[in-house]
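Have the model open while you read.

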Amino acid sequence: MKGLATISEVRASAYTIPTDAPEGDGTFGWDSTTLVLVEVDAGGQTGTGWTYGSPACATVVGHHLAPVVEGRDATDVPGCWSAMQAALRNIGRPGVAGMALSAVDCALWDLKARLLELPLHVLLGSVQESVPIYGSGGFTTYDGRQLDAQLSGWVGEGIPRVKIKIGENWGQALDRDLRRVALAREIIGPATELYVDANGGYTVGQARRVASRLSLYDVTWFEEPVSSDDLSGLRAVRDHTGIDVTAGEYGYDLGYFERMCSAGAVDCLQVDVTRCGGITELLRIGAVAAAHNLQLSGHCAPAQHLAPLAALPNVRHLEWFHDHTRIESMLFEGMPSPATGRLIPSQLPGHGLTWIPKQAAHFRVA
Ligand SMILES: [Mg+2]
């Protein structure tokens, strides 16, 4: 690439993909997932980024973000980010707008790497040769046979840690939660790490009592035992148990993560590059976590987390989430494979994934 490459167009589209079985956790259930794709053109290249959210994200991109990014230099990603952040002032940064911003930012970084003919992790400055993963699913909607098939599959692929959902029906099915944890331990055997995620389904008292029982099954990760908005509640659970307490997937800006770290609320900070403000903000969040001596774990959207997490020193792992892994393998060429429980960043320019329009057309909703 020689000189500047002016961004000529920013496009957004949305696709709703049915799940392969009903999925649910402690506080939510779903039978489809919407991917919002952003494509940015400059200098004969196209960068892609995406988020998992409402089709309304595509509207926010078209109305509020594309107009301030088009015409700018494609290598000036933080400058584009600042222009987008400013454009969102009157509609609010968290939620739909934050997801839209994140998808555009991810597309811009992919585009810049493609223009420079560099793998994205090399452009960002690589620290790790590969990033550990954990298998994530174990939905409350699964029966024992489905749980067995999924967890055994991951263990068979060499993934040394798996996560299941608990907190069913807002903590109203404690016996079933604990039976499913016992079953998961039986399925995976003693050598694989077992994680649980309550999605904020318990009260503080319930979460403390559940934590005592989880220790009997050598559970080492207790995600959102209580609402991630309840920082003192997370801290209270954390003070009670030796299991790592984790949260952060609903963080939409830097201040959110700083408050969570400062409250001593978590043992590992979770972050979602498709919500937090994209790669630009993720790198800043990595620095905030490092200043608190905390590691980061990438939430969902595995293909998009790989390159930025490989560029940070304080990374524990990323989430190989059943639903998103399935969608990204279906709609993109170049999905990394989970060999030996780690993902290796692509050596192709950009993030190394190629969107397959004809595979996605059938699912298009906006
Ligand atoms: Mg979670």
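The domain bounds used here come from an automatic or database domain assignment. On that basis, the chain splits into domain 1 (7-117 + 357-363) and domain 2 (122-355). Their C-alpha centres sit 22 Å apart. Before going on, keep in mind that this is a predicted model: local features need pLDDT of at least 70, side-chain atom pairs count only at pLDDT 80 or more, and totals for chains, interfaces and linings use all residues. Residues are numbered from 1 along each chain as its sequence is written.

**Where the domains meet**

Counting two residues as in contact if their C-beta atoms, placed from the backbone, lie within 7 Å, 43 residues of domain 1 touch 38 residues of domain 2. Which elements give two or more residues to the domain 1 side? They are strand S1 (7-24), strand S2 (29-42), strand S3 (45-52), helix H2 (77-87), helix H3 (96-115) and helix H14 (357-360). Helices here are DSSP runs of H or I with at least four residues, strands are runs of E with at least two, and both are numbered from the N terminus. H3 gives the most to that side, with 12 residues. By class, the domain 1 side has 21 nonpolar, 13 polar and 9 charged residues. For these classes, Ala, Val, Leu, Ile, Met, Phe, Trp, Tyr, Cys and Pro are nonpolar, Asp, Glu, Lys and Arg are charged, and the others, Gly among them, are polar.

**The sheet**

Strands pair if DSSP finds at least two bridges between them. Three strands make an open, antiparallel sheet in the order S1-S2-S3. S1 and S3 are at the edges with a single partner strand each, so one side of each has no neighbour in the sheet. From one strand to the next, the twist averages 20°. S1 and S2 run antiparallel and are joined by 13 bridges. If you want a spot to look at, Ala-14 stands opposite Val-36 in S2.

**Helix pairs**

Two packed helices are described by the angle between their axes and the distance between the axes. Axes are lines fitted to C-alpha atoms, for helices over the stretch in contact, and angles run from 0 to 180 degrees between N-to-C directions.

| Helix pair | Angle | Axis distance |
|---|---|---|
| H8 (residues 204-215) and H9 (residues 231-240) | about 25° | 9 Å |
| H5 (residues 144-156) and H7 (residues 174-188) | roughly 40° | within 9 Å |
| H3 and H11 (residues 278-291) | roughly 95° | within 6 Å |

Angles under 35 degrees count as roughly parallel, over 145 as roughly antiparallel, 65 to 115 as roughly perpendicular and the rest as oblique.

H8 is therefore roughly parallel to H9. In this pair, Val-204, Ala-207, Arg-208 and Ala-211 of H8 meet Gly-233, Ala-236, Val-237 and His-240 of H9. That contact has 5 nonpolar, 2 polar and 1 charged residues.

H5 and H7 come out oblique to each other. Their contact uses Gly-144, Leu-147, Asp-148, Leu-151, Ser-152 and Val-155 of H5, along with Arg-180, Leu-183, Ala-184, Ile-187 and Ile-188 of H7.

H3, the helix that gives the most to the domain 1 side, is roughly perpendicular to H11. Leu-101, Ser-102, Asp-105, Cys-106 and Trp-109 of H3 contact Gly-278, Ile-279 and Thr-280 of H11.
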